[in-house]
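Reader: I would like to learn how to read a model feature by feature. Can we work through one together?

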Amino acid sequence: MASVLHSFYNGVENIFLSVAKGLDQEVPAGAQWHRDLLAQMTQKTVNRGSVISTELAHQLTEYLGFRHFYRHSYSFFLEWGELEKLVTALPTIWDQTRKELSEFRDNLKRILDLG
């Protein structure tokens, strides 16, 4: 289950990186770049609307934190009580993430079709 949670956030972050590189032409740097990237996706820019809502970003912060822990810790430190909250919420979080990313894509497509 830990691997699934890690893969979930890693995949979402890869989408955010594509947006940051391709549309924003600006990827955060420094020790907090993962958190900064997540925050960047909630902001509108001259090239795009917000990718995700602030509320979803707040929820994804939990998965970002877990991803960091998973990458930099030993698996025997994992506790089911902590994992359970993330695993149980994952279907809802994924549905909301997919919905907001689809809306972003559709809005971007509409803008490009008009241009």
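## Reading the model

Author: Start with salt bridges. This is a predicted model. Glu103 and Lys99 form a salt bridge, with the closest N and O atoms 3.2 Å apart.

Reader: Where do Glu103 and Lys99 sit relative to each other in helix α4?

Author: Glu103 and Lys99 are four residues apart in helix α4, so about one helical turn separates them.

Reader: Are Glu103 and Lys99 buried, partly exposed or exposed?

Author: Read the relative accessibility against the cut-offs: buried is under 20%, exposed is over 50%, and partly exposed is in between. Glu103 has 38%, so Glu103 is partly exposed. Lys99 has 44%, so Lys99 is partly exposed.

Reader: How many salt bridges does the structure hold?

Author: Five. Arg98 and Asp95 are three residues apart in helix α4, which runs over residues 80–114, so they are separated by about one helical turn. Arg98 counts as partly exposed because its relative accessibility is 40%. Asp95 is partly exposed as well, at 40%.

Reader: Which residue meets Arg105 in a salt bridge?

Author: Asp106. The side chains of Arg105 and Asp106 meet at 3.0 Å, N to O. Asp106 has 33% relative accessibility, so Asp106 counts as partly exposed.

Reader: Let us step back to the fold. What is the secondary structure of the protein chain?

Author: Four helices and zero strands. From the N terminus, the elements run α-α-α-α. For overall dimensions, look at the C-alpha atoms along the principal axes: they fill a box of roughly 55 × 30 × 20 Å.

Reader: How much of the protein chain do buried residues make up?

Author: Buried residues make up 34% of the 115 residues.

Reader: Next, aromatic pairs. How should I read one?

Author: Take two values: the distance of the ring centres and the angle of the planes.

Reader: How many aromatic pairs does a search of the whole structure find?

Author: Three. One of them is Phe8 with Tyr63, 5.3 Å centre to centre with 75° between the planes, and this pair is edge-to-face. Phe8 lies in helix α1, residues 2–24, and Tyr63 lies in helix α3, so the pair ties together parts that are 55 residues apart in sequence. Both Phe8 and Tyr63 are buried.

Reader: Why is the pair of Phe8 and Trp94 classed as it is?

Author: Planes over 60 degrees apart count as edge-to-face. The planes of Phe8 and Trp94 stand at 90°, with ring centres 6.2 Å apart, so this pair is edge-to-face. The pair also links distant parts of the chain: Phe8 is in helix α1, Trp94 is in helix α4, and they are 86 residues apart.

Reader: Are Phe8 and Trp94 buried or partly exposed?

Author: Phe8 has 11% relative accessibility, so Phe8 counts as buried. Trp94 has 33%, so Trp94 counts as partly exposed.

Reader: What do Phe8, Tyr63 and Trp94 form?

Author: One aromatic cluster.

Reader: Now the nonpolar core. Which residues of the largest nonpolar core touch the most other members?

Author: Phe16, Ile52 and Leu60 do, in a core of 28 residues. Then ask which helices contribute. At least two residues of this core come from each of α1, α2 (33–40), α3 and α4. α1 gives the most, with nine residues.

Reader: How many residues line the largest pocket, and which lie nearest its centre?

Author: The lining has 14 residues, and Phe66, Glu82, Leu83, Lys85 and Leu86 lie nearest the centre.

Reader: Which helices supply the lining of the largest pocket?

Author: α3 (54–71) and α4 each supply at least two residues. The largest share is from α4, with six residues.

Reader: How do the lining residues divide into nonpolar, polar and charged?

Author: Nine are nonpolar, one is polar and four are charged.

Conventions. Residues numbered from 1 in each chain as written. Predicted model: local features only at pLDDT ≥ 70, side-chain atom pairs only at ≥ 80, totals over all residues. Heavy atoms only, no water. Salt bridge = Lys/Arg side-chain N within 4 Å of Asp/Glu carboxyl O. Buried < 20%, exposed > 50% of the residue type's maximum accessible area, 1.4 Å probe, protein only. 1 Å grid on protein atoms, 1.4 Å probe; cavity = no way out; pocket = protein on both sides within 12 Å on 5 of 7 lines; lining within 4 Å. Nonpolar A, V, L, I, M, F, W, Y, C, P; charged D, E, K, R; others polar. Phe/Tyr/Trp six-rings, centres within 6.5 Å; stacked < 30°, edge-to-face > 60°. Core = buried A, V, L, I, M, F, W, Y, C linked by side-chain atoms within 4.5 Å.
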